[in-house]
Amino acid sequence: MRARRFVLPILFVASFLGLWELAAHLGWINASLFAPPSSIARDLVRLHTRKLPERSLLLTHIGASLQRVFLAASLGTVAGVMMGILMGASRLVYRFFDPIITLLMPIPGIAQAPLFIIWLGFGDPTIVTVGAIAAFFPIAFNTAAGVRSADPQIVRAAHIMGVSRAGSLVRVYLPAAGGHIMAGVKLGWARCWRTVIAVEFVAAASWGLGYMIWDASEYIRSGIVYGGILMMMLIYFVLERVLFDGIERLTVRRWGMIRS
Amino acid sequence: MNGQTQAPSTKHAPWKDRLIHAGQFVLPFLVIAAVWELIVRVGWVSATALPPPSAILQRAWELCTGEGLLWHHLGQSMVRLSIGYALAMGAGLVFGTILAMNRVLREMFSPVLSLLISVPTIAWVPVFLITLGLGDRTVIAAVFLGGFFAIAYNTIRGIEMVDVNRIRAAQTMGARGIRLFSAVLLPGSSVSVLTGLRLGIGYSWRALVGGEMLSAMVRWGIGKMIYQARFWNDVTVMFVGLMVIGLTGFLLDRLLIRWLERATIERWGMVTER
């Protein structure tokens, strides 16, 4: 039963790739626009090995993007959690910022990019800023929702037992909001990742996975374009399954904030 | 619906409630605009880098009147959005239903689907630029893809939640194909389907803006307006564009989806009215 779950999709993907390869070789599809799997693999390997003694071009691109994502998402997380706590703790702050977040959140990062390019120039400052903004919104939103969802009975109980306002933040509100914050952080980091790649299309100076894909598409190097997307899938998979599930297990699950 | 719980608290007319609600929504923006205006007027930041709200509104007015450039940009965007989203809706519903009804297909596709969902829509744009060209087709494909996955995924989830006995009962009574879909599957899964449609219009809208910016042959469109403003360092137009994007996204979500919800699940009594 368990084996079947893997066999079918693998069979499907394998036959799809096989058909693609065959079609390219028989000339049914234009192989320079639809680079077959074999040439995608070749392009990726070549990108990795070409300047190898000094550096791997492929890994440098990936590293540049990941660095930006980590920096941007960390900034967004800190700012978002702080904002969320303020919004959760004060009704006035919530009423003030809720409409603003509602209206600003749907604006895609790539649309903000031209503005920040003018202010901060091409490259890291713009990409990291827009990425941080992308992470900020869902994290602030979810943290606020989490803090607001704290059971008033427990808040009152803590108050009666002499816990100060600041103390109840650490002991009551944050534990109550843990699951929400984690959900927000996950959303925020995923959004940040997407935004960084997108902004790299228009604002990267010379490195980054997004830049790599974009540059390749301008020269119609379709193998690298598809290869770059493949890399994105891989990285996302690793980040989600390994990093986030790990963090979740070590924190909110272990602390019993969410049930597994 | 549940008038009992509402009756004591609402003494004034509902339109008055709405007005207060709207006021609370608009007030923060007015406060921020006022502070922003003041900061620029006092001269703490340069008006070319950060144009004051008054200049932005004036510019927006200019773009709306006269030749109506803004309407032309927005109109073109809306045409692309409608085509792409309609295709995504049709394909997403059909694909989702087929997958939900057929276990073998579902087992075959769902890992692939979750892998494809992880790739941001905008990352497919370079692929479309290569394969579909630099014009409208690429933008529409991006809009389509943005909406498709959300709609398909939520349709699958929705139909999986429909009571199997209902489906069997309908099948016993001779319902197949479209009839089965429209009479049993769609109503039964509509809460989840609407979630998908709602997420989908948001993703489609964002993909549209990105697609317009990246497609070189596209001349008009709200995304293009922002992108072109870069060549003249015209920050004011960028702000107008961002304002319109935020506002339109909001309105699409509230008006379109609220209307859809009212026409379907609320009328059918599947959710309690808020």
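**Close-up views of a predicted two-chain model**

View 1. B:Ile151 is buried, because 29 other C-beta atoms lie within 10 Å, and the threshold for calling a residue buried is 20 or more. This model is predicted, and in it B:Ile151 belongs to helix 7 of chain B, which covers residues 136–160. Leaving aside residues up to four places away in sequence, B:Ile151 touches B:Ala88, B:Met89, B:Gly92, B:Leu93 and B:Gly96, and also B:Gly196, B:Leu197 and B:Gly200. B:Ile39, by contrast, is 112 residues from B:Ile151 in sequence and 44 Å from it in space, taken from C-alpha to C-alpha.

View 2. Because it has 15 C-beta neighbours inside 10 Å, B:Leu57 counts as partly exposed.

**View 3. Packing of helix 10 of chain B against helix 11 of chain B.** The axes of helix 10 of chain B and helix 11 of chain B come within 8 Å of each other and cross at roughly 160 degrees. Helix 10 of chain B is therefore roughly antiparallel to helix 11 of chain B, and the crossing of the two is left-handed. From helix 10 of chain B, the residues B:Ile222, B:Met225, B:Ile226 and B:Ala229 meet B:Val237, B:Met238, B:Gly241, B:Leu242, B:Val244 and B:Ile245 of helix 11 of chain B. Sorted by class, this contact comprises nine nonpolar residues, one polar residue and no charged residues. Residues three or four places apart on an α-helix point the same way, because the helix has 3.6 residues a turn.

**View 4. Helix 9 of chain A and what encloses it.** Helix 9 of chain A covers residues 209–218, and nine of its ten residues are buried, so this helix is largely enclosed by the rest of the structure. The buried residues of helix 9 of chain A are A:Leu209, A:Gly210, A:Tyr211, A:Met212, A:Ile213, A:Trp214, A:Asp215, A:Ala216 and A:Ser217. Their cover includes helix 3 (57–89), helix 8 (165–203) and helix 10 (222–253) of chain A, together with helix 6 of chain B. Helix 9 of chain A is followed by A:Ile220, which has a positive phi, near 50 degrees.

**View 5. The contact between chain A and chain B.** Chain B gives 41 residues to this contact and chain A gives 42 residues. On the side of chain B that touches chain A, the elements that supply two or more residues are helix 2 (14–42), helix 5 (103–117), helix 6 (121–132), helix 9 (177–214), helix 10 (222–229) and helix 11 (235–266) of chain B. By class, the residues on this side of chain B are 29 nonpolar, nine polar and three charged.

View 6. Chain B has eleven helices and zero strands, and its C-alpha atoms fill a box of roughly 75 × 60 × 30 Å along the principal axes. Of the 274 residues of chain B, 37% count as buried. Among contacts in chain B between residues at least 6 apart in sequence, 72% join residues at least 24 apart. Chain A is divided into domain 1 (1–34) and domain 2 (41–253), and the C-alpha centres of these two domains of chain A lie 33 Å apart.

How values were computed:
Residues numbered from 1 in each chain as written. Chains lettered and ligands numbered in written order. Predicted model: local features only at pLDDT ≥ 70, side-chain atom pairs only at ≥ 80, totals over all residues. Contact = placed C-beta atoms within 7 Å. Helix = DSSP H or I, 4+ residues; strand = E, 2+ residues; numbered from the N terminus. Nonpolar A, V, L, I, M, F, W, Y, C, P; charged D, E, K, R; others polar. Buried ≥ 20, exposed ≤ 12 C-beta atoms within 10 Å, placed from the backbone. Axes fitted to C-alpha atoms, helices over the stretch in contact; angles between N-to-C directions. Parallel < 35°, antiparallel > 145°, perpendicular 65-115°, else oblique. Left-handed = near helix turned anticlockwise from the far one by under 90°. Domains from an automatic or database assignment.
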